[in-house]
Amino acid sequence: MLEDRQAWNAVYKEIANYIGEEKTISLFNAYKGTHIAFPMRLISREYVKEIIASYYPERSINQLAVETGYSERNIRRLLKELKVENKEVAGNPTV
């Protein structure tokens, strides 16, 4: 029954178009009954902070936004977070 793709729900047919039938069946068996939400961004905030720390100010906020998929506003917000984190680390002699 699992092999008859015509009997599948539409979402599984769509997934099979991307990753193939065998992997779709594996995905189904591993996660059936689970609600899965995919974040809008593939790259995590922590990694974007590392990118910003490595490349700012050599790269503009606009360039960093384009490269990471984050908005310029979010890049600015992460820059502020990095400055606060750096001040906390610098001001704490035990770190």
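## Basis of the description

The structure is a predicted model, in which local features need pLDDT of at least 70 and side-chain atom pairs count only at pLDDT 80 or more, while totals for chains, interfaces and linings use all residues. Residues are numbered from 1 along each chain as its sequence is written, and side-chain values use heavy atoms, with hydrogens and water left out.

## Salt bridges

With a salt bridge taken as a side-chain nitrogen of Lys or Arg within 4 Å of a carboxyl oxygen of Asp or Glu, the count comes to six. One of them joins glutamate 21 to arginine 5, with the closest N and O atoms 3.4 Å apart. Because glutamate 21 lies in helix H2 and arginine 5 in the segment before H1, the pair ties together parts that are 16 residues apart in sequence; helices here are DSSP runs (H or I, at least four residues), numbered from the N terminus. Glutamate 21 is partly exposed at 34% relative accessibility, as is arginine 5 at 21%, where buried means under 20% relative accessible area, exposed over 50% and partly exposed in between (1.4 Å probe, protein chains only).

Lysine 49 forms a salt bridge with glutamate 81, the closest N and O atoms being 2.9 Å apart. This pair links distant parts of the chain, since lysine 49 belongs to helix H3 (residues 45–55) and glutamate 81 to helix H5, 32 residues apart. Lysine 49 counts as buried at 15% relative accessibility, whereas glutamate 81 is partly exposed at 26%. A further salt bridge connects arginine 59 with glutamate 67, whose closest N and O atoms are 2.8 Å apart. Through shared partners, salt bridges also join Arg45, Lys49, Glu81 and Glu85 into one network.

In helix H4 (residues 61–68), the residues Ile61, Leu64, Ala65 and Thr68 are buried. They lie on the same side of H4 because they cover an arc of only 100° around the axis, the arc being that of the directions from the helix axis to the C-beta atoms. Just after H4, glycine 69 adopts a positive phi of about 85°.

Arginine 73, in helix H5 (residues 72–91), is exposed with a relative accessible area of 63%. Its C-alpha atom is separated by 8.9 Å from that of isoleucine 61, twelve residues apart along the chain.

Technical notes: Helices (H or I, at least four residues) and strands (E, at least two) are DSSP runs, numbered from the N terminus.
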